[in-house]
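Subject: Structure handover

Hello,

I am passing this structure on to you. The sequence and the model come first, and my notes follow below.

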Amino acid sequence: MKRRTVLTALGAAALSGCAGIKPASQQDAYVFAYFIDNGQDGLHLAGSDDGYRWEALNGGRSYVAPTVGKAKLMRDPCIVRGPDGIYHMVWTSGWNETGIGYASSPDLVHWSPQRELPVMAHEPTTLNAWAPEIAWDEKRGEYLIFWSSTIPGRFAASEAAGDDAGANKYNHRIYATTTRDFAAFTPTRLFYDPGFSVIDATFLRTHRGDWLLVKDETRHPPRKYLQLARAAGLQGPFEPLGAPISPAGLWTEGPTALQVGDDVIVYYDAYTTKHYGALRSRDLVHWEDVTAQMRFPDESTARRMRHGTALQVPADVLAALRRP
């Protein structure tokens, strides 16, 4: 199908508004976009020079309050820097909504008016649109936006293994759309179906190529672990998933990753034990738990970081964010 304007393929709502890592240079610094509590107060940022020691920026205050969606939340913020230097952010705007939030910024401080992208409005029985990610596909010259949604009855074989949601069960698959200008979007399509409930997909763009990182969301019996699949590119195809990389028995969510020197660091929210964890690898096969080496802002408090996106930024961007 041809690219359609103003989300006509996604729904009737009009628009007003991360994935992946790439090799860093010595001039790069790192920013972590996250939320606290339920996401009601908006976007929080942390900064780091080395990917290990993170400090809350803006005195721990939110940079922007959410205004879109019925619930007006800003959970799971994902930010990517485009080739023109503009930052694009998508987020979960509510627990039971069919749209996601979008805004852009030149500096991570001043943000455009927020817009709702009605990505699943064409499927009226959809339960949710969670954990959206955005990535720049340099080969195709477009942005890829992808997220997790449950359409009851669509994948019946794995429905009984999903999480309870009232009379339904969450049984996620990954859906996607693409855009070049955030005014015209391709029709929403099924992006990734491994045969089980899958959520929190993100791309690792590393010295060793592209990888898709996902969470197995199976509840019965519980899995809740992270797995990697080698990717030919952002559009796939994807090789079979490897063995779980997260600690055995630990329920994880919201993975994000950075290439720091020769190492790939995967950060994850260990939400049931209420702490942030991290894994490190050079070959993306053998993983070392480096949680003890990390320092996250407000860890072990009610304001602890909840999941989001770690991204590389020019050092002067982080320096500006650190100024009073």
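Leu279 touches Ile245, Ser246, Pro247, Val264, Ile265, Val266, Tyr268, Trp287, Glu288, Asp289 and Val290, leaving aside residues up to four places away in sequence; contact here means heavy atoms within 4.5 Å.

Before the rest, some ground rules. This is a predicted model, in which local features need pLDDT of at least 70 and side-chain atom pairs count only at pLDDT 80 or more, while totals for chains, interfaces and linings use all residues. Residues are numbered from 1 along each chain as its sequence is written, and side-chain values use heavy atoms, with hydrogens and water left out.

Leu279 and its sheet

Leu279 belongs to strand S21, residues 275–281. Strands (E, at least two residues) and helices (H or I, at least four) are DSSP runs, numbered from the N terminus. The relative accessible area of Leu279 is 3%, so the residue is buried. Buried means under 20% relative accessible area, exposed over 50%, and partly exposed in between, with a 1.4 Å probe and protein chains only. The C-alpha atom of Leu279 is separated by 19 Å from that of Ile199, and the two residues are 80 apart along the chain.

S21 is part of an open sheet of four strands, ordered S19-S20-S21-S22, with antiparallel pairing. At the edges are strand S19 (253–260) and strand S22 (288–289), each of which pairs on one side only. Two strands pair if DSSP finds at least two bridges between them. Strand S20 (residues 263–270) and S21 run antiparallel and are joined by seven bridges. Across this pairing, Val264 stands opposite Ser281 in S21.

Strand S16

Nine of the nine residues of S16 are buried, so this strand is largely enclosed by the rest of the structure. S16 pairs with S17 in the antiparallel sense over seven bridges, and the two strands form a hairpin with two residues between them. Phe203 stands opposite Leu212 in S17.

Cavity and pocket

Both terms rest on a 1 Å grid over the protein atoms alone: a cavity is a set of points where a 1.4 Å probe fits but cannot get out, a pocket is an open set with protein on both sides within 12 Å along at least five of seven lines, and lining residues have an atom within 4 Å of a point. Grid points are joined across faces, edges and corners, and a volume is the space filled by probe spheres set on the points.

The largest cavity has a volume of about 80 Å³. Its lining has 13 residues, of which Asp76, Ala131, Glu133, Gly254 and Gly308 lie nearest the centre. Strand S5 (75–81), strand S9 (130–137), strand S16 (198–206), S19 and strand S23 (306–314) each supply at least two residues of this lining. By type, the lining of the largest cavity divides into six nonpolar, four polar and three charged residues. Ala, Val, Leu, Ile, Met, Phe, Trp, Tyr, Cys and Pro count as nonpolar, Asp, Glu, Lys and Arg as charged, and the others, Gly among them, as polar.

The second largest pocket has a volume of about 280 Å³. It is lined by 17 residues, and Arg75, Trp95, Trp130, Ile199 and Glu253 lie nearest its centre. S5, S9, S16 and S23 each supply at least two residues of the pocket lining. That lining divides into six nonpolar, three polar and eight charged residues.

Salt bridges

A salt bridge is a side-chain nitrogen of Lys or Arg within 4 Å of a carboxyl oxygen of Asp or Glu. By this rule the count comes to 18 salt bridges.

One of them joins Asp49 to Arg322, with the closest N and O atoms 3.1 Å apart. This pair links distant parts of the chain, 273 residues apart: Asp49 is in the loop between strand S3 (44–48) and strand S4 (55–56), and Arg322 is in helix H1 (residues 315–322). Asp49 counts as exposed at 53% relative accessibility, and Arg322 as partly exposed at 33%.

Another salt bridge is formed by Glu142 and Arg140, whose closest N and O atoms are 2.6 Å apart. Glu142 is buried, with a relative accessible area of 2%, whereas Arg140 counts as partly exposed at 46%.

Lys224 forms a salt bridge with Asp163, the closest N and O atoms lying 2.7 Å apart. Both Lys224 and Asp163 are buried. Salt bridges that share partners join Asp163, Lys215, Glu217, Arg219 and Lys224 into one network.

Regards
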